[in-house]
Amino acid sequence: MTQEFRILESQIREIYGRVIYTHKTHEKCADLLKSRNDGLKLLEIILSALTTTSIIAVVIGDQKTVEFIAVAFSTLLLFITFYFKENNLLAIAEKHKQSALEILAVREGLLSLLVDIRIGNHSIVELQAKRDALNEELINSYRGAPKTLSSGYNMASKALKENEEFTFSDAEIDRLLPESLRRN
């Protein structure tokens, strides 16, 4: 492999690494927002039930304490309702999922490009053209992507570094392949 191929491979490996993190971050942001939405919806149901129960207790009885409790639950419920009006967490989560899918296509293209470099059956000009096309596709994906959350990035980092969510041993891959395609 010549020096220019090594330089190109190094650049593509760097891009590939960043794309892996971006893809996983968007996946984790989608999961995080979905969980947050589910938790808030559950809280909304609980507060609604508590508000209704408190109001019924106020109508039946005559205690100031129950009236204050009913007002508190009702106020919390109002804040959550306003939050949902301003923040459609499921729609944002869906945008993260879509971005992850678009970035996944680029990731797979970069991986194929790295393989092509190692095989050595393409000219440097052809490989640069493929790289440039993938970069353009990546930039377009980033333009439409929602802003990621730092907690999503932290989850992605842990998933990739500690849990090795993106790596497979030969034995794991062999178990997924038909016997005729296995290495061991």
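Predicted model: local features only at pLDDT ≥ 70, side-chain atom pairs only at ≥ 80, totals over all residues.
View 1. An α-helix has 3.6 residues a turn, so residues three or four places apart point the same way.

**View 2. The length of helix α2.** Helix α2 runs over residues 64-86, a stretch of 23 residues. From its first C-alpha to its last, α2 reaches 33 Å, which is close to the 33 Å expected at 1.5 Å a residue.

**View 3. The packing of helices α1 and α3.** Where α1 and α3 pack, their axes lie 8 Å apart and form an angle of about 160°. Because angles over 145 degrees count as roughly antiparallel, α1 and α3 are therefore described as roughly antiparallel to each other. The crossing in which α1 passes α3 is left-handed. Sorted by class, the residues in the contact of α1 with α3 are 23 nonpolar, 6 polar and 8 charged.

View 4. Ser99 belongs to helix α3, which covers residues 89-119. The relative accessibility of Ser99 is 3%, and because buried means under 20%, Ser99 counts as buried. When its neighbours within four places in sequence are set aside, Ser99 is in contact with His26, and also with Gly144, Ala145 and Pro146.

Technical notes:
Residues numbered from 1 in each chain as written. Heavy atoms only, no water. Helix = DSSP H or I, 4+ residues; strand = E, 2+ residues; numbered from the N terminus. Buried < 20%, exposed > 50% of the residue type's maximum accessible area, 1.4 Å probe, protein only. Contact = heavy atoms within 4.5 Å. Expected span 1.5 Å × (residues − 1). Axes fitted to C-alpha atoms, helices over the stretch in contact; angles between N-to-C directions. Parallel < 35°, antiparallel > 145°, perpendicular 65-115°, else oblique. Left-handed = near helix turned anticlockwise from the far one by under 90°. Nonpolar A, V, L, I, M, F, W, Y, C, P; charged D, E, K, R; others polar.
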